[in-house]
Amino acid sequence: MTESGVQLFARLEARRGLQDVEPRLFPEDGGPAHGEVVELYGAEGTGKTELLYHLVCRCVLPGAAGGLQVDVVFVDTDYSLDMLRLVSILESRLDAARSTGSPSVSSDETALRSCLSRLLVVHCSSSSQLLLTLHFLETTFSSRPTLALLLIDSISAFYWLDRSEGGASIAKQEEKLSRCAKLLGRLLRDYRITVFATCHAIRRACSGPPPSSSSSSPDRPYLCHPWQRLVSHRLLCSRQEAAENMAATAQGSEEPRRRSVFTVLGSSSRTKANRSSSFRVTDGGVAFI
């Protein structure tokens with residue numbers, strides 16, 4: 001593709017920043033700017049997925065419903081995207097906007113279709129597929145200035161598979177993810193998109209009490225250095241559950257999950273600031289408290 005400097009500048013300037021995607025998650029004036037990466041880190045069941053759905057809805061909803069009205073690419077590496085849940089949250093947010101008398105919010109089906117038209121979903125089942133996907137998405141980034149967010153759930157999905165295929169060589173184990181990270185770095189620079197990616201807490205097989213050394217902390221980043229250098233914001237997710245919920249959880253009840261409080265500690269390497277926030281999961285999505 002050939003374009004003049006004026007065309008290139010106009011295209012890049014047209015891409016919207018996501019500094020205000022969710023002020024309650026980021027330190028003041030510390031939201032993700034153009035070309036930055038946000039990592040959502042935590043163990044299973046700490047609210048990362050619900051937080052992702054909340055952020056996707058914030059992006060694709062129209063301004064009259066409290067959204068940013070931008071396009072999103074959702075790269076699903078865990079094959080865990082629940083479209084019915086996402087649609088349910090969108091419908092709840094649209095209904096809430098209409099109930100407040102927002103005249104700009106159109107009828108149910110029209111508004112919902114408009115929101116979903118801003119979401120592109122891609123599935124990947126290996127690091128090689130993820131790398132190819134990022135290459136092919138470059139055309140999409142260059143042709144759609146309304147595309148502001150690339151979301152990867154999760155960036156660590158193939159960690160153990162890559163380690164197994166890489167044998168004893170650390171360089172071989174990290175080669176594919178390193179190539180993905182380097183390509184992402186170029187896409188961030190050239191197209192000024194924002195990236196959100198989840199990262200599972202690594203499972204450590206050990207007996208007895210955990211080591212006291214900070215180097216063994218489960219919250220310590222463990223992915224390859226090229227990826228760690230990209231991350232400018234980190235949302236550390238955890239879950240607080242009342243003791244009386246344990247019996248119901250053992251019986252498979254969904255109610256304890258909805259009564260649980262999820263905590264997010266947001267940090268920014270750019271501003272060196274931190275922010276803590278909490279939320280509950282409701283039928284209408286994330287509700288901050």
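A polar contact here is a pair of N or O atoms within 3.5 Å; within protein, one of the two must be able to donate a hydrogen and the other to accept it. In this predicted model, a polar atom of the side chain of Ser 126 lies 3.1 Å from the backbone nitrogen of Gln 129. Ser 126 belongs to the loop between strand S3 (119-123) and helix H5 (127-143). Between the C-alpha atoms of Ser 126 and Tyr 159 there are 9.7 Å, although 33 residues separate the two along the chain.

A second contact with a backbone nitrogen involves Thr 77. This residue is placed in the loop between strand S2 (71-76) and helix H3 (83-99). A polar atom of the Thr 77 side chain lies 2.6 Å from the backbone nitrogen of Ser 154. Thr 77 counts as buried because its relative accessibility is 4%, the limit for buried being under 20%. Apart from neighbours within four places in sequence, Thr 77 is in contact with Cys 124, Ile 152, Asp 153, Ser 154, Ala 157 and Phe 158.

The chain as a whole has 10 helices and nine strands. Of its 289 residues, 48% count as buried. Among contacts with a separation of 6 or more, 73% are between residues 24 or more positions apart.

One of the helices is H7, which runs over residues 170-191 and has 22 residues. From first C-alpha to last, H7 reaches 31 Å, close to the 32 Å expected at 1.5 Å a residue. Which residues of H7 are buried? They are Gln 173, Leu 177, Ser 178, Cys 180, Ala 181, Leu 183, Leu 184, Gly 185, Leu 187, Leu 188 and Tyr 191. In an α-helix, residues three or four places apart point the same way, because there are 3.6 residues a turn.

After H7 comes Arg 192, with a positive phi near 55 degrees. Arg 192 is also touched by Gly 35, as are Leu 188 and Ile 193, when residues up to four places away in sequence are not counted. Gly 35 is found in the loop between helix H1 (5-14) and S1. Its relative accessible area is 29%, so Gly 35 is partly exposed.

The last topic is the aromatic residues. Six aromatic pairs are found in the whole structure. In one of them, the ring centres of Tyr 41 and Tyr 222 are 6.5 Å apart and the planes are at 65 degrees, so the pair is edge-to-face. Tyr 41 lies in strand S1 (residues 37-42) and Tyr 222 in the loop between strand S5 (194-200) and helix H8 (225-230), so the pair ties together parts 181 residues apart in sequence. Both Tyr 41 and Tyr 222 are buried.

Tyr 159 and Trp 160 also form an edge-to-face pair, at 4.9 Å centre to centre and 75 degrees between the planes. Is each of these two residues buried or partly exposed? Tyr 159 is buried, with a relative accessible area of 18%, whereas Trp 160 is partly exposed at 47%. Tyr 41, Tyr 159, Trp 160 and Tyr 222 form one aromatic cluster. Over the ring of Tyr 41 sits the charged end of Arg 234, 4.3 Å from the ring centre.

Key: Residues are numbered from 1 along each chain as its sequence is written. This is a predicted model: local features need pLDDT of at least 70, side-chain atom pairs count only at pLDDT 80 or more; totals for chains, interfaces and linings use all residues. Side-chain values use heavy atoms; hydrogens and water are left out. Helices (H or I, at least four residues) and strands (E, at least two) are DSSP runs, numbered from the N terminus. The expected span of a helix is 1.5 Å times one less than its number of residues. Buried means under 20% relative accessible area, exposed over 50%, partly exposed in between (1.4 Å probe, protein chains only). Rings of Phe, Tyr and Trp (its six-membered ring) pair if their centres lie within 6.5 Å; planes under 30 degrees apart count as stacked, over 60 as edge-to-face and the rest as tilted. A charge sits over a ring if NZ of Lys or CZ of Arg is within 6 Å of the ring centre and within 35 degrees of the ring normal. Contact means heavy atoms within 4.5 Å.
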